[in-house]
Amino acid sequence: NTNSLVMTVMNGWGVHCVNTTCSPSLSFPASTIGQCQIQCLQQVQCKAASLQQSTWMCLLFATTIDQNNDLVIDSTTLTMIAIPG
C-alpha cells in the first residue's frame with residue numbers, strides 16, 4: 001500500500017503556529033533534507049516536515065500546515081508540505 005504524494009519544498013520558511021494543534025508529532029536528527037523527506041513520506045499521518053539546518057533536527061507534523069498562516073520566514077529552515085496526488 002503506497003501513498004502517492006508530492007512534496008513542495010519551501011526554502012527559508014519555518015512552521016510557527018499560534019496554537020498547539022500543529023505541534024510536531026515527531027522529531028529526530030537528520031543530516032540531509034532527503035532523510036527528513038523520506039521519514040515524512042513513510043508516515044501515513046505526516047502532512048509536513050521541517051528541517052532546521054542550525055540543529056539538523058527534522059520535525060514531522062501530522063496536521064495540515066496552512067501556508068498563509070502557519071509559516072514564517074526562517075533562513076535556516078526548509079519546510080516540506082505533502083500534497084496528495
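Predicted model: local features only at pLDDT ≥ 70, side-chain atom pairs only at ≥ 80, totals over all residues.
## Overall fold

The protein chain holds one helix and five strands. Read from the N terminus, the order of these elements is β-β-α-β-β-β.

The chain has 85 residues, and a compact globule of that length would have a radius of gyration near 12 Å. The value for this chain is 12 Å, so the two agree. Along the principal axes, the C-alpha atoms fill a box of roughly 35 × 25 × 20 Å.

## Surface and contacts

Of the 85 residues, 33% count as buried. The accessible surface of the chain is about 5,000 Å², and carbon and sulfur atoms account for 53% of that area.

Contacts in the chain can also be sorted by separation along the sequence. Among those with a separation of 6 or more, 71% are between residues 24 or more positions apart.

## Nonpolar cores

The largest nonpolar core consists of twelve residues. Another core, of nine residues, lies apart from it, and its members include Met10, Ala48, Phe61 and Ile65.

Leaving aside residues up to four places away in sequence, Met80 touches Met7, Thr8, Val9, Ile33, Cys36, Gln37, Lys47, Ala48, Ala49 and Leu51.

## Disulfides

A disulfide is a covalent bond between the sulfur atoms of two cysteines. The count in this model comes to two disulfides. One is formed by Cys36 and Cys58, with their sulfur atoms 1.9 Å apart. The torsion about this S-S bond is about 75°, so the disulfide of Cys36 and Cys58 is right-handed. This pair links distant parts of the chain, as Cys36 is in helix α1 and Cys58 is in strand β4, 22 residues apart. Both Cys36 and Cys58 are buried.

The other disulfide joins Cys40 to Cys46, with an S to S distance of 2.0 Å. Here the torsion about the S-S bond is about -100°, so the disulfide of Cys40 and Cys46 is left-handed. Cys40 and Cys46 are both buried.

## Thr77

Thr77 is found in strand β5. Its relative accessible area is 2%, and buried means under 20%, so Thr77 is buried. The side chain of Thr77 makes a polar contact with the side chain of Asp74, at 2.9 Å.

Not counting residues up to four places away in sequence, Thr77 touches Met10, Asn11, Gly12, Trp13 and Gly14, as well as Ser50, Leu51, Gln52 and Gln53. Leu51 is also touched by Met80.

## Gln35

Gln35 is placed in helix α1. Its relative accessibility is 38%, which lies between the cut-offs of 20% and 50%, so Gln35 counts as partly exposed.

The side chain of Gln35 reaches the backbone nitrogen of Ser31 at 2.7 Å. Gln35 and Thr55 are 20 residues apart along the chain, and their C-alpha atoms are separated by 14 Å.

How values were computed. Residues numbered from 1 in each chain as written. Heavy atoms only, no water. Core = buried A, V, L, I, M, F, W, Y, C linked by side-chain atoms within 4.5 Å. Buried < 20%, exposed > 50% of the residue type's maximum accessible area, 1.4 Å probe, protein only. Contact = heavy atoms within 4.5 Å. Helix = DSSP H or I, 4+ residues; strand = E, 2+ residues; numbered from the N terminus. Polar contact = N/O pair within 3.5 Å; in protein donor to acceptor, adjacent residues only side chain to side chain. Disulfide = S-S within 2.5 Å. Rg over C-alpha atoms; globule rule 2.2 N^0.38 Å. Areas by Shrake-Rupley, 256 points an atom, 1.4 Å probe, with all protein chains shown as cover.
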